[in-house]
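Let's take a walk through this protein together. Have the sequence and the 3D view open, and follow along as we go.

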Amino acid sequence: MKITFLGGADGVTGSRHLVDTGSERILLDCGLFQGWKLHRERNWTFPDALADLDAVVLSHAHLDHSGWLPVLVRHGWRGRVYAHPATIDLAGVLLLDSAHLQEEDARRANRYGYARHAKALPLYTQAEARRAMALATPLPPGRELRIGASRITLAPAGHLLGACSVHLRHGTADGETLLYSGDLGRADDLLMPPPEPPRAARTLLVESTYGNRTHPTEDPAPRLAAIVEQTVSRGGSVLLPAFAVGRAQALLLVLQRLKRAGALPHGLPIFLDSPMATQATALYTQHRRLLRVPARETAALLDGVRVVADATASMRLSNARYPRIVISASGMAAGGRVLHHLKVMAPEPQHAVVFAGYQVGGSRGARLVAGEREVKIHGQMVPVRAAVHSLEGFSGHADRDGIVGWLRALREPPERTFVVHGEPDASDALRCALQDRLGWNGVRVPGHGETVDLARS
Ligand code: ZN
């Protein structure tokens with residue numbers, strides 16, 4: 001068996017792990033590169049290794065795991081994409097939005113002439129995203145899927161609605177086995193139950209987004225309430241850039257709880273300004289039995305929340321003068337309606353911008369959290385005088401202790417472990433933790449594009 005790391009090996013985005021069993025070629029995740037320009041440019045090259053794929057298996061719907069599927073389709077691939085039913089529902093929403101943003105970016109770049117090339121083209125179109133989703137085949141967790149001589153099983157991994165780790169067995173009972181963690185959730189996530197214990201495997205691929213961090217143990221809700229209180233008392237508004245799928249629902253849940261507890265300024269309006277987050281919230285309600293939250297709370301996520309329907313209403317909202325909370329996407333302020341709000345709010349010191357999720361290096365969100373005093377939006381420099389906060393307590397990822405704790409449940413250490421999906425220092429810190437705390441051997445951080453032959457490693 002060979003594994004080629006085609007993404008998510010020297011950063012957190014673009015997860016694409018090609019498993020070649022000798023008889024089947026299966027791609028674990030098909031993610032989009034985001035963040036650093038150096039990484040984003042990889043979206044435009046088609047690795048030769050991806051010719052003749054038999055199947056794609058998605059761990060979850062986030063774009064850094066699913067967002068490159070339409071490019072496969074653009075290159076003529078027509079195989080099957082297996083995923084948890086909820087992942088298929090969410091990916092349908094995310095991929096269409098991703099295609100829409102790319103079409104819009106290309107249009108805007110052509111119109112205002114800041115394209116790097118003679119004519120800017122979208123990476124893929126909405127039609128290609130639809131064609132990609134037509135290949136999706138539901139695979140409920142716990143059910144074994146056979147692809148040739150390989151058997152694949154998904155197991156819930158917390159993190160996000162539908163998120164799973166992937167277990168692969170090739171050939172007979174003593175054949176190669178591989179476990180891919182996908183993105184691993186926390187034991188104390190707001191919405192998702194804890195990840196299921198890992199299944200034994202000879203080879204492990206484990207994520208390391210927070211491999212060098214320990215999440216604060218404090219509840220993020222009181223801190224959010226305090227930020228809202230301070231901001232509103234100085235006449236400002238709070239902007240919450242949120243990943244439309246997962247984080248927006250967690251924020252809604254916390255805001256509803258704060259409101260019920262009387263911890264938010266009375267009558268302060270809350271706006272949800274993201275059509276994708278609105279759709280995703282409906283999917284969370286539909287799949288509510290997968291959540292740890294009581295069904296009545298899931299059903300009440302949008303109670304009293306003003307849902308902003310069209311782009312004109314969104315523009316009007318960004319120019320309004322009254323205090324308010326606005327949840328808008330995208331979560332790293334890479335695109336979407338949040339940019340109009342940011343353009344108006346960032347230059348004014350009374351407002352607050354609160355990030356509640358991981359900000360990938362090179363993203364606008366990461367620059368703001370790092371304290372940069374101006375950011376480029378739609379080709380124009382915008383000064384930043386608003387307060388910028390980052391609430392780590394909303395993270396959907398297990399921290400170092402969480403990942404090590406999850407893996408401690410394995411009775412036999414894997415023969416080899418590849419630490420993926422992390423910035424280099426985070427991956428290396430997790431590698432050290434697995435060696436030092438669990439006494440594991442054969443733990444490495446693979447390089448981008450590297451192929452490992454398991455028979456020789
Ligand atoms: Zn994820």
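Leaving aside its neighbours within four places in sequence, which residues is His65 in contact with? Keep in mind that we're looking at a predicted model. The list is Ser15, Asp29, Cys30, Gly31, Leu58, Ser59, His60, Tyr180, Asp183 and His421. You'll find His65 itself in helix 2, which covers residues 63–66. His65 counts as buried because its relative accessible area is 0%, and the cut-off for that word is under 20%.

Two of those contacts deserve a second look. The side chain of His65 makes a polar contact of 3.2 Å with the side chain of Asp183. There's also a polar contact between the side chains of His65 and His421, at 3.1 Å.

Six strands line up as 14-13-15-12-16-19, forming an open sheet with parallel pairing. At the edges sit strand 14 (306–307) and strand 19 (387–390), each pairing on one side only. What holds paired strands together? In general, strands of a sheet pair through backbone hydrogen bonds. Zoom in on strand 13 (residues 270–273) and strand 15 (residues 325–328): four bridges link them in the parallel sense. One example is Asp273, whose bridge partner in strand 15 is Ser328.

Helix 7 (residues 247–260) touches strand 12 (238–241), strand 13 and strand 15, and its direction makes about 160° with that of strand 15. Helix 11 (residues 338–345) touches strand 12, strand 13, strand 15 and strand 16 (352–355), with its direction at about 145° to that of strand 12.

Technical notes. Residues are numbered from 1 along each chain as its sequence is written. This is a predicted model: local features need pLDDT of at least 70, side-chain atom pairs count only at pLDDT 80 or more; totals for chains, interfaces and linings use all residues. Side-chain values use heavy atoms; hydrogens and water are left out. Two strands pair if DSSP finds at least two bridges between them. Helices (H or I, at least four residues) and strands (E, at least two) are DSSP runs, numbered from the N terminus. Contact means heavy atoms within 4.5 Å. Axes are lines fitted to C-alpha atoms, for helices over the stretch in contact, and angles run from 0 to 180 degrees between N-to-C directions. Buried means under 20% relative accessible area, exposed over 50%, partly exposed in between (1.4 Å probe, protein chains only). A polar contact is a pair of N or O atoms within 3.5 Å; within protein, one must be able to donate a hydrogen and the other to accept it, and residues adjacent in sequence count only if both atoms are side-chain atoms.
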